[in-house]
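Please walk through this protein with the sequence and the coordinates side by side. The paragraphs below take up ring contacts, cores, disulfides and the confidence of the model in turn.

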Amino acid sequence: MSDRTMARQVLLFIWFLSLSSALGQVSYSIPEEMAKGSLVGNIVQDLGLDLKRLKSGKARIYTGDSAEYIELNKERGVLLIKERIDREALCGQTTPCALHFQIILENPMQLYRVTVEVTDINDNAPMFSKAEMRFEINELSSSGARFILERAIDHDVGRNGMQSYSLEPTDNFVLKFQNLPDGNKAVEMVLQTPLDREKKDHIALLLTAFDGGEPQMSGTMKIHITVLDANDNVPVCSQSVYKASIAENSPKGTVLTTVSASDADQGSNGRISFSISSTADKAENIFEVDPESGVVKLIGGIDYELSKYYQIDVQARDEGGHTDSCKIIVDVTDTNDNSPIINIISKSSQISEDSKTGTVLVIINIQDVDSSESGKVNCHLNENVPFVIQSSPDGFFSLVTYGDLDRERESEYNISVTCADEGVPSLSSSVTLSLQISDVNDNAPVFDKSSYEASVQENNTPGLSIFTVRARDADFNQNARVSYILEDSSVNGVPVSSLVSVSADSGVIHAVRSFDYEQIKDFQFRVKAQDGGSPPLSSNVSVKIMIQDQNDNAPQVLYPVQSGASVVAEIVPRSADVGYLVTKVVAVDVDSGQNAWLSYKLQKATDRALFEVGLQNGEIRTVRQVTDKDAVKQRLTVVVEDNGQPSRSATVNVNVAVADSFPEVLSEFTDFTHDKDYNDNLTFYLVLALAVVSFLFIVSIIAILSVKCYRWRRERMFYKSGANLPVIPYYPPLYADVGGTGTLQHVYNYEVCRTTDSRKSDLKYGRPCSESIISLDSSGTQTLTCAQRGKVINEQFDDQQKPPNADWRFTQNQRPGPSGAAATPEVAVGTGPWPNPPTEAEQLQALMAAANEVSEATNTLGPGTMGLSTRYNPQFTLQHVPDYRQNVYIPGSTATLTSNQQQPQQALSPQQAAIAAAAAQPEPPKAAQTPASKKKSTKKEKK
């Protein structure tokens, strides 16, 4: 039956655990006295969280004022034993015994409640407060007399607590038990067999207390009974149970009640004394009873939060040893003696001003250990704050936003949280929270004025500071940093940025260029002020700049027109009266205001007494009557002056003829000398043209001299070098290797340039890469590209020279100079040995003779004949070539080239001749450098 009950309890506990988890609360059950680090439970799995959430949310355990017996392992997500748990020290006799704490997570804030039930183990044996008890019992005590024994104390609970007692021996006494209101049992020793002092005056008993744990534990107490002589009446208490109540924190000496008892005996046997028996709740240390009067008083401190009631066992004893007992049940009433305790679990010290309504700032736990109304707590905030406090049934309060926040209106709040209970009188506690409001960019810059106007003198210096625009931003730090930007616009088709600029930091507006009032009198533009927030906010303002006029323009005379080509004169008849209007000087000034007010003065005149000029209108009138003595030719110089500071002026010459007829005027003005007034602009253009012509002339002279020097140096290099004489190149139109085994292929032409010192240097084969090679043979023509030509040359010209072919070798007699004088038969037929190399004198003589013959041949050959290169008509045969063309001798070489007379000459078509002529224009040959020529060329380059 016990196994079924245990199974039902386990199933009920599992159901309760699953129900708690679903409600956001987790419960665990562990035995007491577990070792440190023991596993309590997997909180991550039970709450449906993950390890990352524990770490990111800074999970922690909040236990309030209680000691922390459980710790949270964030790495594993489990709860572990932090300190050894003694259930008896933690909860005493209270069951069930549980630890309550909360797990707090942040970002977002979350709170989970965890309950850990601590189950009891049998780790405490029953104990008696006294090692022995002594009784004096009258021998006349009747059967059934009761003697209260001290109860054993077992700090364990349930089955592990006190279960049974045994008394040995049982000859005279037996044990009886009475159930008490608190669930405990009172142990009484009942006399079963009457005592006989004459048989036995002292009895020793052993009281043993057993618990129900496994293994079972026990405690003992010795009982010594002294049998007294006859006293046949026992005291009798008036009530078996007394009830009293007392308020906590009552002062010492407060009377609870008075117990009374009666004894029918007389004398000393009827005198009763009262005493308090030892109890488990140590009531004897808190209360006392007067031995004679039975008045029960308070002698210690009493606290409702520690114990809500007490049970006092009072024993009434006469001097004969007879006793009776009664019980006093003391109820402790609660008073409001504890103020609420405010614990800040989580707090945000800063919040953005754009936070939404209902944002949680602070989580507070309020605890009041009082009961009933005294334990109910209400919290409120100070006035005029955009926050409210929200409560929950388990004593947790949340401070949340309620309304809009504005850092510009209030950047910091000192929030006073006051919590008061409902006791009488009410007790309260308060805490002040400081909260900073962080800024967001919600305010655009605002200019000091709705529009700006400023003026600046024309002809200002570029970069002049005109004035300053200023805008302010109510935000903070970077969001309040204002930058000024000139908005794009145009003034009369010109970008405003070419007129003014604005400093991005200070807002100072500078003139980019000098202004001219005559071109622009005022202009408007807009300046934008932009803050440094993200995204930035901006505002703009209209700015008007007015240009102030300066006297920077001289008057301009419109009439009379000044012209150097002809003489214009005003005719005044000799019969003109005083005030006769001769003419009127008309002038204008492009300035404005008083700078454009013009005045006219007569500066110089042939006869100053004859004419005058109107000061304001410029009219020239006669002052007196014209006479015959007045000269015909009159010259007036009129000054036109403005009213500026400083003033500017212009002069005009007016020619006046005093005559009655035009012929008279004409005869007088034919020899009129004109002043030589030169136009400054015309002079400037003439000087500029002269300078340009001079520069071009000098450049032309330098270019001509450079070309001359270049040609002279080139001529000197190729024709006047004594140590390195060039060989006149010759390009045979057709040479063939009859046997096909010679060093020269018949389908190519080769350019050979050697010097008198060629035997001391390498042979250079020059070929232009941009031209094709024209090859002529009996079968026709063929054009090879530069790449093909290079390939063939690389294949044909190896490092080691092939032996010459006798078929195309010239005979010794055909060579020019002394080297061809002595010819042997072997050489003539091409079978003899290679000839000895010629001396340098022979080489020089041959070259000079060849040069002279070339010069004569060039002069005599006309179009269609073969000259010095293949650019001439290839139809010219070898018989027209002088002897030196058939005896080509390369100085420093043992090879002799002969023309193949057996190859027939084939005429080319005009198209082929043109191709051949275009491809046969080689670059000028370069003589191979000897060591001597290299030294001379180096010296020339240094010069």
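A charge is said to sit over a ring if NZ of Lys or CZ of Arg is within 6 Å of the ring centre and within 35 degrees of the ring normal. By that rule the charged end of K308 sits over the ring of Y304, 5.2 Å from its centre, and the charged end of K521 sits over the ring of Y517, at 5.0 Å from the centre. This is a predicted model, in which local features need pLDDT of at least 70 and side-chain atom pairs count only at pLDDT 80 or more, whereas totals for chains, interfaces and linings use all residues. Residues are numbered from 1 along each chain as its sequence is written, and side-chain values use heavy atoms, with hydrogens and water left out.

Rings may also pair with one another: those of Phe, Tyr and Trp (its six-membered ring) do so if their centres lie within 6.5 Å, and planes under 30 degrees apart count as stacked, over 60 as edge-to-face and the rest as tilted. The count comes to 12 aromatic pairs. In one of them, F128 and Y165 have ring centres 6.5 Å apart and planes at 55°, so the pair is tilted. F128 lies in the loop between β7 (110–119) and β8 (132–138) and Y165 in strand β10 (residues 162–168), so the pair ties together parts that are 37 residues apart in sequence; strands here are DSSP runs of E with at least two residues, numbered from the N terminus. Buried means under 20% relative accessible area, exposed over 50% and partly exposed in between (1.4 Å probe, protein chains only); F128 is buried at 10%, and Y165 is buried at 14%. The rings of F387 and Y413, with centres 5.3 Å apart and planes at 90°, are edge-to-face, and this pair links strand β28 (residues 387–391) to strand β30 (residues 412–421). Ring pairs also link F447, Y452, F467 and Y484 into a cluster.

A nonpolar core is a set of buried Ala, Val, Leu, Ile, Met, Phe, Trp, Tyr and Cys residues joined through side-chain atoms within 4.5 Å. The largest such core has 29 residues, and those with the most contacts inside it include V500, I509, F523 and V543. Among the elements that give two or more residues to this core are β41 (522–531) and β42 (538–548). With contact meaning heavy atoms within 4.5 Å, V543 touches Y452, F467, V469, I509, F523, Q524, F525 and V527 once its neighbours within four places in sequence are left aside.

A disulfide, taken here as a pair of cysteine sulfur atoms within 2.5 Å, occurs 2 times in the structure. C91 and C97, both buried, have their sulfur atoms 1.8 Å apart. The other bond joins C379 and C419, with sulfur atoms 2.1 Å apart; its S-S torsion is about 105°, so the disulfide is right-handed. C379 is in strand β27 (residues 377–381) and C419 in strand β30, 40 residues apart. T418, also in strand β30, is in contact with C379, among others.

Finally, pLDDT is the predictor's confidence in each residue, from 0 to 100. The protein averages a pLDDT of 75, and 71% of the residues score at least 70. Over residues 672–678 the pLDDT is below 50, and pLDDT stays under 50 over residues 857–943. Where pLDDT is low, the predicted coordinates should not be read in detail.

Key: Helices (H or I, at least four residues) and strands (E, at least two) are DSSP runs, numbered from the N terminus.
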